[in-house]
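Let's take a friendly walk through a protein model together. Have a look at the picture first, and then we will go through some of its parts.

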Amino acid sequence: DQNGNHVIQKCIECSPSLTVQFIVDDFQGQVVQLGMHPYGCRVIQRILEHCPHSQVAGMLQDIVTRCRELVLDQYGNYVVQHVLEHGEFNDRQAILRQLHGHIVGMSQHKFASNVVEKLLQLSDSDTRNMMLNEITGSHMGSPAVLVMMKDPYGNYVIQKALDVCQARERERLVNAIREHLHAVRKLTYGKHIMAHIEKLEAMAAAQGKLGRGGHMGGKTSGFLGPVGGTLNMG
């Protein structure tokens with residue numbers, strides 16, 4: 001109900017968690033269906049925000065088990081993102097295991113790509129490296145990074161990865177992009193990614209993080225190396 005769900009949300013926000021146990025109990029076995037409902041998904045998000053992990057363990061298990069279905073839904077993807085934000089490390093790892101092998105495909109989906117970005121943003125280095133294995137690998141016979149850079153949603157995942165990855169991780173991703181630099185320059189979204197890399201280079205230079213001679217590690221001309229040069233954005 002459009003109005004009733006606001007009342008339930010306020011109850012969850014303002015009441016001790018134990019007093020809303022009946023709401024949690026009522027959701028058991030219906031989490032996925034309600035998670036894909038425009039009003040039900042909001043109530044689930046409030047439960048995840050305000051109830052302790054032990055109280056919502058069953059709910060989390062249901063979400064994780066069917067997260068590949070939820071991430072493709074216009075409302076369900078927000079529920080999975082909330083698990084990533086408010087869950088524990090093991091919950092994020094469980095979602096990664098469910099999405100493993102599907103990162104590139106999910107990155108090309110309007111709703112699932114938001115979950116991939118959130119997972120990149122909130123994960124530790126080991127998890128990001130597992131995701132980079134897919135992003136810098138092959139997808140259906142083509143370089144995955146090139147497939148993603150051609151895509152209206154995948155290119156944003158690449159940009160998010162450039163933002164959140166640490167030095168060696170970012171270098172690994174940029175090297176994968178550099179291998180296809182000629183093709184990238186011709187892509188509609190390629191210019192956005194190259195501009196994003198230039199922005200990161202400028203920020204690194206401003207923070208005094210470039211190596212001797214103004215080069216990353218004193219060996220290459222910025223992240224893109226010698227083949228990058230000065231990018232002409234047309």
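Is Met 194 buried or exposed? Met 194 is buried, because its relative accessible area is 3%, where buried means under 20%, exposed means over 50% and partly exposed lies in between, with a 1.4 Å probe and protein chains only. Met 194 sits in helix α16, which covers residues 190-206. The C-alpha atoms of Met 194 and Leu 181 are 9.2 Å apart, while 13 residues separate the two along the chain.

Before going on, please keep in mind that this is a predicted model, in which local features need pLDDT of at least 70 and side-chain atom pairs count only at pLDDT 80 or more, while totals for chains, interfaces and linings use all residues. Residues are numbered from 1 along each chain as its sequence is written, and side-chain values use heavy atoms, leaving out hydrogens and water.

## The whole chain

Of its 234 residues, 44% count as buried. Contact means heavy atoms within 4.5 Å. Among the contacts with a separation of 6 or more, 68% come from residues 24 or more positions apart. The chain exposes about 11900 Å², and carbon and sulfur atoms supply 50% of that area, computed by the Shrake-Rupley method with a 1.4 Å probe.

## Two helices side by side

Two packed helices are described by the angle and the distance between their axes. How do α4 and α7 cross, and at roughly what angle? The axes of α4 (residues 40-50) and α7 (residues 76-86) come within 10 Å and cross at roughly 5 degrees. That makes α4 roughly parallel to α7, a label for angles under 35 degrees. Here the axes are lines fitted to C-alpha atoms over the stretch in contact, and angles run from 0 to 180 degrees between N-to-C directions.

On the α4 side, the residues that meet α7 include Cys 41, Ile 44 and Leu 48. Their partners in α7 include Tyr 78, Val 79 and His 82. The residues of this contact divide into 6 nonpolar, 3 polar and 2 charged.

## Salt bridges

How many salt bridges does the structure hold? There are 5, each a side-chain nitrogen of Lys or Arg within 4 Å of a carboxyl oxygen of Asp or Glu. Here are some of them.

| Pair | N to O distance |
|---|---|
| Glu 13 and Lys 10 | 3.5 Å |
| Arg 46 and Glu 49 | 3.0 Å |
| Lys 118 and Glu 85 | 3.2 Å |

Glu 13 and Lys 10 both belong to helix α1 (residues 4-14) and lie 3 residues apart, about one turn of the helix. Glu 13 is partly exposed at 33% relative accessible area, and Lys 10 is partly exposed at 48%.

Arg 46 and Glu 49 are separated by about one helical turn, because they are 3 residues apart in helix α4. Arg 46 counts as buried at 14% relative accessibility, whereas Glu 49 counts as partly exposed at 31%.

Lys 118 is buried, with a relative accessible area of 16%, and Glu 85 counts as partly exposed at 40%.

How values were computed
Helices (H or I, at least four residues) and strands (E, at least two) are DSSP runs, numbered from the N terminus. Angles under 35 degrees count as roughly parallel, over 145 as roughly antiparallel, 65 to 115 as roughly perpendicular and the rest as oblique. Ala, Val, Leu, Ile, Met, Phe, Trp, Tyr, Cys and Pro count as nonpolar, Asp, Glu, Lys and Arg as charged, and the others, Gly among them, as polar.
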